[in-house]
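Let's take a walk through this one, stopping at a loop, a helix and a few charged pairs.

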Amino acid sequence: MALSETENGCSGGEGGETDAIVNTCVLGGFSESAETRALISSLPEIHGDMGTSESATERFLVIMNRYQEQPHLLDPHLEWILNLILDFVRSEDSPPSLVHLGFKFLYIICKVRGYKIFMQLFPHEVSDVQPVLDLLSRQDPTDSETWETRYMLLLWLSMTCLIPFDLYRLDGHLEAEGSKPREPIMDRILAIAKSYLVLSGSPRDAASVLVSKFMTRPDVKQKRLGDFLDWSLTTVSQTNDHSIRDIKVLDGVLQSLVNKHTQRLHSPPTVLQCLEKKHLSESSEAMLRKLGVKLIQRLGLTFLKPRLAAWRYQRGSRSLAANLSMSQSAAASAAVTPEVETQEQEEDYDIPEEVETVIEHLLVGLKDKETIVRWSAAKGIGRVTGRLPKELADEVVGSVLDSFSFQETDNAWHGGCLALAELGRRGLLLPSRLTDVVPLIIKSLTYEEKRGACSVGSNVRDAACYVCWSFARAYEPKELEPFVTQIASALLITAVFDRNVNCRRAASAAFQENVGRQGTFPHGIEILTAADYYAVGNLNNCYLNISVYIAGFPEYTKSMIDHLVAMKINHWDGVIRELATKALHNLTPQAPDYMATTVLPQLLTVAVGMDLHSRHGAILACGEVTHALYKVGLQTNRDKSGECVSAGWQWVIDDTIQTLHLASSGAKDGIMVAIVSALSAMCNEYYQAQTGQADSQMQDVLVSQYIEGLKSAQMLTRCGSALALGCLPRFMIHSKLKQVFEGLQQMCTVSQKEGNFTEARRDAVRSIAQVCAKAGVCAHGSPDSVVCSENVAEVYGVLLSTMSDYTTDSRGDVGAWVREAAMTSLMDLTMLVASSAPEILSPDLMMCCLAQQAAEKIDRYRAHAGTIFLRLLHSTEPAVPHIPHREELLTIFPVETTLLGLPEYQYHTLLGLTVSVGGITESTVHFSSQSLFDYLKGIQENTIALEQFGDTLLRILRDNLRNDRVCVPFLKMLNQMLANSCFEIFTTQENHQFCVDLLGLCKEFKRSKDISKLSACVAVFCGLIQFQGEVRKKVLSQLLLLLCHSFPVIRKTTASQMYEMLLTYDDVIDPEVLDDVMTSLSDTNCDLNTVRTHRNQLCDWLGVTRPKVVAKVIL
């Protein structure tokens, strides 16, 4: 157990304020005394059984831990518990296991109650010194199982060595029975202490306590203090703080030096010089730096006279009775006396030079990266300053105030706050300095510094609350009266709006302390009932409810609003930004004029700034404040926002569209949705000259601006402009429909050809349907105002053209986004026209294109196309006209492959199936192939249907010879058809036209450099070998040409495929040369010259004319 100043429950001069932990189950006393007595009494019986002894220890530990928060309840019972256990320890018949178990129980009690209280109960008669020392000498310092025994024995020895007799009287005759000189008790105790100081573990902490008690004895101080200090300083100077073992040794030695006897040193300059050479402040170990600071502050106190500064500020007396009985005259005389004493004391006050060095080290410690070091340095500043003259003390205060610079880190600010709290608590911060101190504390209460994705500064704000708490106790109300408004507002802002719950509760506690002790905080009692310790624990409650109640008091309204605008709407945490904007909405009714004239213009300026967080928070805040002002206007029949709000909002919207590319990727979609919603609301609210009629000036400006935005070099600006056009109300589109449609059409057409701005093209397609829906349909209307017979074909043409968008980039098939939007827009437009003017609809390829998409390879878009196809097909109100084969479709849909039997749908359906059957996704290939082959199986006996299907295949291949997206899957699909003998009926005829045409088209691929296309083509050639007639020799000729292809992988693939082909179709070659051909094909993995020789031999065997090498003509 590490020993600290606060373990005994009271900090005294060393400790700080501990966190208050509220326990709803407060204990009334030690209710387990009977069980505890039984457990201790059973130790002699259970010590030998490890399992039973561990169970008893665990049970005792559970009992004691219940009193961690109320250890004083154990005090009436500690004596009899200690006596019971010591009876076992002192007994000569007790085995070692029982002794160790007893000390383990004692350690558990000591840990709960604190060593400073518990060690005083140990018996410390003269007769106890020798037995405790002997028992401790018999312990093994390296035994990790019995460290509790050594720890408690060292504490016991610390008490026994305080006997008021010279230790040499206990030595008796120093000659033992063996005529060997016996070591004096004083030397034995010192040797044991030294041995444990250089070991690791908790006994080292107890050894430092032993040294502090032992060295304060007059006889030890006279005889051994100098030697011990020499040993300590030698050890400190010789250790290396980079070695783990030396760090432990240094820790123990410094702990022993830090204790009280350092204030009685004869040569403190020597110790200080040794520490300076050691450079402990640069050590990587926080505990060593802390001990170094503590030791330096103790040394500093030895250089100064042990007196309290008479010049310090004192608020009454610590005794309430003394304060009540003190008369006016007594107070006046008491006020005069310190001044006289101060003058007398400071006349002969000589300050050594070493004090400056001590203070310098302490000021450096205030900036340490560890809290324990800063806290120790702050307490040292307070102690040393309390012994300095007034002028020097004021210089120290000035040095502390220098820590509050924005060039300093958060560590320096935190250390400065702790030091100010210590100085104020001790009365060393005079009221004249409050004008300098209070503004710094106000800044500290809102200190926050961003670090990466988070921030630091919560410890600074917490320490600033501690400063305010200490000031409430330190100063009379009249001293703080000029600063009451600032402090009260800052504390309430922290209590309500701080992100950290500990800071909110600390601020609430500091506010409560000031209300109780100062009595000058405005509306303090009323606010405390709403913002107490528990209420401020919920962040949403603080922002949305408590803040509104506090803002109801005029003293705090504007300061809270200003803080939200300045510090919270630009916070790095999005949750805080959103809560701040909602809080501004709730606070607007408290100060509507201030919000409209001051806050809103500030927010609009921030909303177009460069910082992303600030823009996000400001835009949200503008919306919330405007909405709140609107509600206030409804209640008071006046408009608080005015024209400046509409102009400012339009500015925000337009600027956001122009700078969308600067937003984070995750927020872009949300921002665009918000822009569209805001623009639509703005148009309806502000841009109507009269109901249903647009303000012509704003109409021209907005439409022209957003059409121009469709040509921007930034993709997101195009997206935002397209969506903005789509969200304009009907009165804004009236007489501008043609201009809007042409802008969207041009953007779609040009960008699709160039293969870029895919997302913008998607949003433009969506906007076309939205604009048409807003404009409405009238068969004989104006093409500049409504969808009519003159422009409906043009609209459908744009949407159908985007259905063939197959743009790809590093993200994959991004054109699918456009196709999906086009399908949805086609459905919306068709339903709209069919319900209003179905006569203007003309037969087109819409249903065919949908059928194609319903057979594509991507599940999501295939399902989307099928859903839309089905909805249009089954729609009755309104009924969609001009659907080819409606009656047949109603019986067969949604089985895609059945559409292959309908001539109007066959081409597009088969085109969609091509990329599915020839794709790479196993599940898609499996199910689409199964559907296709089921259809082909059903038409095997129908020559006309099969020939029609073959013509459609050839048409698809002919249309997509240069389209790798289609031709490669087509070749793979065709290979599967040939392998499954889907055209077996054609093989009975020699030189069937389907095979001739197919061979002619496939020959176009042999010049390709695409390996996947060439490999698929080789497989198709091998499948075509099943056709009879002259076409077979042409197929063999193409295969033999590929055997000498410049790509080795194609040569190898061709040889392998031909080998399998000859095994499958035994009528291709004469059986007499079959073995030779097979052997030759197996040996074709050679260089190109050798392969040509083999190829020519194969031509002779297969009866094919040898290819001739054509010389290249160089012009």
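**A loop, a helix and some salt bridges**

Keep in mind that this is a predicted model. Start at Ser94: leaving aside neighbours within four places in sequence, Ser94 is in contact with Phe88 and Val99. You'll find Ser94 in the loop between helix H4 (75-90) and helix H5 (96-113). A polar atom of the Ser94 side chain sits 2.5 Å from the backbone oxygen of Phe88. With a relative accessible area of 16%, Ser94 counts as buried because the cut-off is under 20%.

Asp128 is buried at 8% relative accessible area, while Arg90 is partly exposed at 45%. A search of the whole structure turns up 26 salt bridges.

Now jump to helix H20 (residues 390-401), whose twelve residues reach 17 Å from first C-alpha to last, close to the 16 Å expected. Its buried residues include Ala393, Val396 and Leu401, and among the elements covering the buried residues of H20 are helix H19 (371-385) and helix H21 (410-425).

Within H21, Glu422 and Arg425 lie three residues apart, about one turn of the helix, and their side chains meet in a salt bridge at 3.0 Å, N to O. Glu422 is buried at 1%, whereas Arg425 is partly exposed at 36%.

Last stop: Asp436 forms a salt bridge with Arg433, at 3.3 Å between the closest N and O atoms. Salt bridges with shared partners join Asp394, Arg433 and Asp436 into one network.

How values were computed. Residues are numbered from 1 along each chain as its sequence is written. This is a predicted model: local features need pLDDT of at least 70, side-chain atom pairs count only at pLDDT 80 or more; totals for chains, interfaces and linings use all residues. Side-chain values use heavy atoms; hydrogens and water are left out. Helices (H or I, at least four residues) and strands (E, at least two) are DSSP runs, numbered from the N terminus. Buried means under 20% relative accessible area, exposed over 50%, partly exposed in between (1.4 Å probe, protein chains only). A polar contact is a pair of N or O atoms within 3.5 Å; within protein, one must be able to donate a hydrogen and the other to accept it, and residues adjacent in sequence count only if both atoms are side-chain atoms. Contact means heavy atoms within 4.5 Å. The expected span of a helix is 1.5 Å times one less than its number of residues. A salt bridge is a side-chain nitrogen of Lys or Arg within 4 Å of a carboxyl oxygen of Asp or Glu.
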